[in-house]
Amino acid sequence: MKIGEFARMCDVTKDTVRYYVNIGLLIPRMQGSQMSFVEREYEDFHYIQKLKDMRFNIKEIRAFLCLRRMSNMIEPATIDECVELLGAKKESLSEEMKTIENSIHLIEEEIENFEKRKNAEKSDRTGVPISTIPLLVCPHCRQHLNIENAVINFKYIYEGDLSCSCGYHARIEDGIVKTENIYEGTHDWPDLHRKLYREIGEKWEIYTQKCTDMLIEQLDAQDWGGRVILEANINGFFFTYNYLHQMPKNCIYIIIDKYQEVLAAYKELFEQLYPGLDILYIADASEKPPIQDGCVDLFLSFFGENEYSFYHKQTQLEDIHHLLKPDGTVLGVFQGFAPEAKSRRLLIERYPEGNKKLADIEALREGYKNCGYKLSETEIGKVIKTEDHHMYICHLDGEPLTMYCYEAKR
């Protein structure tokens, strides 16, 4: 019979049959250029499947088939050799079972550890640190805000109304400053399950880790204790959350995002990991967050400028540079395409609210220069392929997505 009929009889594909032929497990006769399969191959195939079910590998299966082909399988020496092969496999599988049972035990222990973390008692909740109240001002007239109807303890404000004589209003809800500038567009949504961090691509993950390592080195080069550190756009990537174990705990962190629910989710996680930290959470989607001028020592932008450019018309530094101290520093990671890249044009179409020069390192340099900052970047690597989710849907395979780590100062 021909290969197609043989494959149907054995309930496998022709490719499987060809594979067995190529590695010598099946040896059909040849009629010209055609393989001809007979009862012998049918019996061999089913014996191969039986040996596979016993977890024999290709080399071991070939040894059995050799015995079948070179004997009648009744000779005492042949039977002894078969029994020896089977006994060795049984011993090997018994050892493998012990290893598997140990692995299952370790997995069960790890599941239990994770369940304990998930069900751990909640730490005391935090709120707006009283120490950060002088940092909150009206974004319009720059006056300090009045606080009314406050729910407060010795360190935190949990609830309250914030107002300015010029008419500006905000609220403190569950320890988060919620402004009236809430994102109502349809081009983004809260990433409460942190899916943006997953399965973007192997090269992307490698270069992102290299960027992280460089950023940590830059942070370690200076003492940030007692300083004010700002990070925004955390619905994308959130550097402080992932690496706070390597960052100072005796400073003030300001965390801004356009989604209150994203801030609330991270706030609960921070309370579990680092209870008692001074973190000011602000839910605001505008270009003018309610923060005092000249109070920020360090602005962290881990893909933050990329995220900001999807929903605003210029770089974030151009909008908030007045918040930084004269000697303030910007540390960031940026990903960009060539100006003429089709991937970049697709991004602009996908995010019509944003900057028409998004994902362009030259435009980032220009924007920083406009507010008196010199940007010094290091190219980390080029990613040619990413998986299709979030912004990476727009990345066309083959077009380089370049990763940069940068520092900027006045």
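Trainee: What do the buried residues of α1 pack against?

Mentor: This is a predicted model, to start with. The buried residues of α1 pack against α2 (14-22), β2 (34-36) and α3 (39-53).

Trainee: Which residues of α1 are buried?

Mentor: Helix α1 spans residues 3-10, and Ile-3, Gly-4, Phe-6, Ala-7 and Cys-10 are buried there. They lie on the same side of α1, because the arc they cover around the axis is only 165°.

Trainee: Changing topic. How many cavities of 30 Å³ or more are there?

Mentor: The count is two.

Trainee: How does the lining of the largest cavity divide into nonpolar, polar and charged?

Mentor: Eight residues of that lining are nonpolar, six are polar and four are charged.

Trainee: And what lines the second largest cavity?

Mentor: That cavity has a volume of about 40 Å³. Its lining consists of Thr-126, Phe-270, Glu-271, Tyr-274, Gly-276, Leu-277, Ile-279 and Tyr-281. Both α8 (260-273) and β10 (279-283) supply at least two residues of this lining. By class, five are nonpolar, two polar and one charged.

Trainee: Staying with α8, is Lys-267 buried or exposed?

Mentor: Lys-267, which is found in helix α8, counts as buried because its relative accessibility is 3%, and the cut-off for buried is under 20%.

Trainee: What does Lys-267 touch, not counting residues up to four places away in sequence?

Mentor: Lys-267 touches Thr-126, Gly-127, Asp-174, Gly-175, Ile-176 and Tyr-281.

Trainee: On to the cores. Which residues touch the most other members in the largest nonpolar core?

Mentor: Trp-204, Leu-219, Phe-239 and Leu-347 do, in a core of 57 residues. Helix α6 (residues 202-220) gives the most to this core, with six residues.

Trainee: What is Leu-219 in contact with, leaving aside neighbours within four places in sequence?

Mentor: Leu-219 contacts Trp-224, Phe-239, Met-247, Leu-298, Leu-300 and Leu-331.

Trainee: How many residues are in the second, separate core?

Mentor: That core has 39 residues, including Leu-317, Phe-334, Ile-361 and Leu-375.

Key: Residues numbered from 1 in each chain as written. Predicted model: local features only at pLDDT ≥ 70, side-chain atom pairs only at ≥ 80, totals over all residues. Heavy atoms only, no water. Buried < 20%, exposed > 50% of the residue type's maximum accessible area, 1.4 Å probe, protein only. Helix = DSSP H or I, 4+ residues; strand = E, 2+ residues; numbered from the N terminus. Arc of directions from axis to C-beta. Contact = heavy atoms within 4.5 Å. 1 Å grid on protein atoms, 1.4 Å probe; cavity = no way out; pocket = protein on both sides within 12 Å on 5 of 7 lines; lining within 4 Å. Points joined across faces, edges and corners; volume = space filled by probe spheres on them. Nonpolar A, V, L, I, M, F, W, Y, C, P; charged D, E, K, R; others polar. Core = buried A, V, L, I, M, F, W, Y, C linked by side-chain atoms within 4.5 Å.
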